[in-house]
Amino acid sequence: MAPPEGPVLPDGLSSSDGPPSPEGPVPPDSPAPPGRGPTPMPPGRASVPAPPVPAPPVPPGDGPPLDQARLRGLIPEVIALLVRRGVDFAAAEDAVQDALVEAVRVWPGGPPRDPKGWLVTVAWRRFLDAARADTARRRREERVEEEPAPGPVPDSDDTLRLYFLCAHPSLTPSAAVALTLRAVGGLTTRQIAQACLVPEATMAQRISRAKRTVSGVRLDRPGDVSTVLRVLYLVFNEGYSGEIDLAAEAIRLTRRLAASVDHPEAAGLLALMLLHHARRAGRTAPDGSLVPLAEQDRARWDRAAIAEGVDLLRAALARDRLGEYQAQAAIAALHADAPTAKETDWQQIVEWYDELVRLTGSPVVRLNRAVAVGEAEGPRAGLAALAELDGTLPRYGAAAAYLHERAGDLATAALLYAEAAHRAPNLAERDHLTRQAARLNALRPR
């Protein structure tokens, strides 16, 4: 689920440990699992490729300059169009990447009037060049005969099909995230590797295996929107590492998905992302240390993003098809709506956690609920709710430490904070919990 909305942990940290799961996201600076195995040769290419048959050049045009965001937005459309024509996924992605390289070389002299049509034409030719190296000459000739005539490309968007392909159930979560960022997000392997804190070679292997897994998959029936939402949720929780802000990238992709499907949970997820992202500026102090939600300067929050998130949430809730993302967004909205931490409506937050428990049955949701109960009904009530849960749950110790501190038991709280710091999944959280333990130890009489 989303990061816990309470003072027990720094805002933005999750209530789960390890890889992303339905119960909680990866903390912003947690690395994704490393890939394994050799890098396979791209499908559709022979080990000793034959010289390509020269194709007539596609001249640049005199259209307006095309910004990088627009270019990246065209990538999934062109890949999806090639896949719909029968090109396997891996070969289509390779061909589009080759077309992008050519675009970078040619377009400075004047971008074409129809950038999408230009990319489709060049990518198709690059695919044919690779196909000619294949031993299946008869199939090659059939594809050559199918080459579309030059001219404008129909303004259709097959991106939604690509979303479903990248979230195929045969892929692991980490592979689905990487493939979505590559094919739908248009990021380079280096950018994805840096953002996920893994070596570039490891990420290249992961993406290559993922492309090989989905190559040949035919989407002859509607995909599962909930699976796509889960993948985008995981992308969001990869955090802010590297030159690419994956949280902002996830918002961009989710916004595009929400505009393509009639699904209240798509709007709910977009609202949740916006509401959490809006508080980003307040999450760290000048020295880089994490700032708990209750201590954040709310003047630094992005009020425009909060307003958009609240509007999306209201529209989704009005459809009376409640889902877990809408419930999480409602909790985030209550925090965003409070002028100060003391004015937070904890009782209503507990009620929304009750809805989340009903929807998910997650023990991590129950842990977050226990902290909210401690705020709404007092620390003893929170500790009683916490006692019903498994003590090995991720961040159980941090929650217990906070509630014991509020109950006045500083010695126990300091000990629990120190123990929780040793089990923290990342350095930022460990430092925060260590400082909490030191603060309480300094208050104890000598």
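Are Glu324 and Arg230 buried or exposed? Glu324 is buried, and Arg230 is buried as well; buried means under 20% relative accessible area, exposed over 50%, and partly exposed in between (1.4 Å probe, protein chains only). This is a predicted model, in which local features need pLDDT of at least 70 and side-chain atom pairs count only at pLDDT 80 or more, while totals for chains, interfaces and linings use all residues. Residues are numbered from 1 along each chain as its sequence is written, and side-chain values use heavy atoms, with hydrogens and water left out.

**Overall make-up**

- The protein chain has 19 helices and zero strands; helices (H or I, at least four residues) and strands (E, at least two) are DSSP runs, numbered from the N terminus.
- Of the 446 residues in the protein chain, 54% are buried.
- Among contacts between residues at least 6 apart in sequence, 68% join residues at least 24 apart; a contact means heavy atoms within 4.5 Å.

**Salt bridges**

- The structure holds 18 salt bridges, each a side-chain nitrogen of Lys or Arg within 4 Å of a carboxyl oxygen of Asp or Glu.
- One of them joins the side chains of Glu324 and Arg230, at 2.9 Å from N to O. This pair links distant parts of the chain, with Glu324 in helix α13 (residues 324-337) and Arg230 in helix α9 (residues 225-236), 94 residues apart.
- Arg369 and Asp354 meet through their side chains in a salt bridge of 2.5 Å, N to O. Arg369 belongs to helix α15 (residues 363-377) and Asp354 to helix α14 (residues 346-360), so the pair ties together parts that are 15 residues apart in sequence.
- Arg369 is partly exposed, at a relative accessible area of 25%, and Asp354 is also partly exposed, at 34%.
- The side chains of Glu429 and Arg395 form a salt bridge at 2.7 Å, N to O. Glu429 sits in helix α19 (residues 427-443) and Arg395 in the loop between α16 (379-387) and α17 (396-406), 34 residues away. Both Glu429 and Arg395 are buried.

**Helices and a loop**

- Helices α9 and α13 pack at an angle of about 35°, with their axes 12 Å apart. Axes are lines fitted to C-alpha atoms, for helices over the stretch in contact, and angles run from 0 to 180 degrees between N-to-C directions.
- In that packing, Leu229, Arg230 and Tyr233 of α9 meet Glu324, Tyr325 and Gln328 of α13.
- Helix α3 (residues 115-131) has 15 of its 17 residues buried, so it is largely enclosed by the rest of the structure.
- Glu295 lies in the loop between α11 (264-277) and α12 (303-317) and is exposed, at 59% relative accessibility. Its C-alpha atom is 7.7 Å from that of Ala341, 46 residues apart along the chain.

**Nonpolar cores**

- The largest nonpolar core has 104 residues, of which Ile79, Leu82, Phe89, Leu119 and Leu162 touch the most other members. Such a core is a set of buried Ala, Val, Leu, Ile, Met, Phe, Trp, Tyr and Cys residues joined through side-chain atoms within 4.5 Å.
- Apart from that core lies another, of 26 residues, including Leu383, Leu389, Leu393 and Tyr402.
- Beyond its neighbours within four places in sequence, Leu82 is in contact with Val87, Ala92, Ala95, Val96, Ala123 and Trp124.
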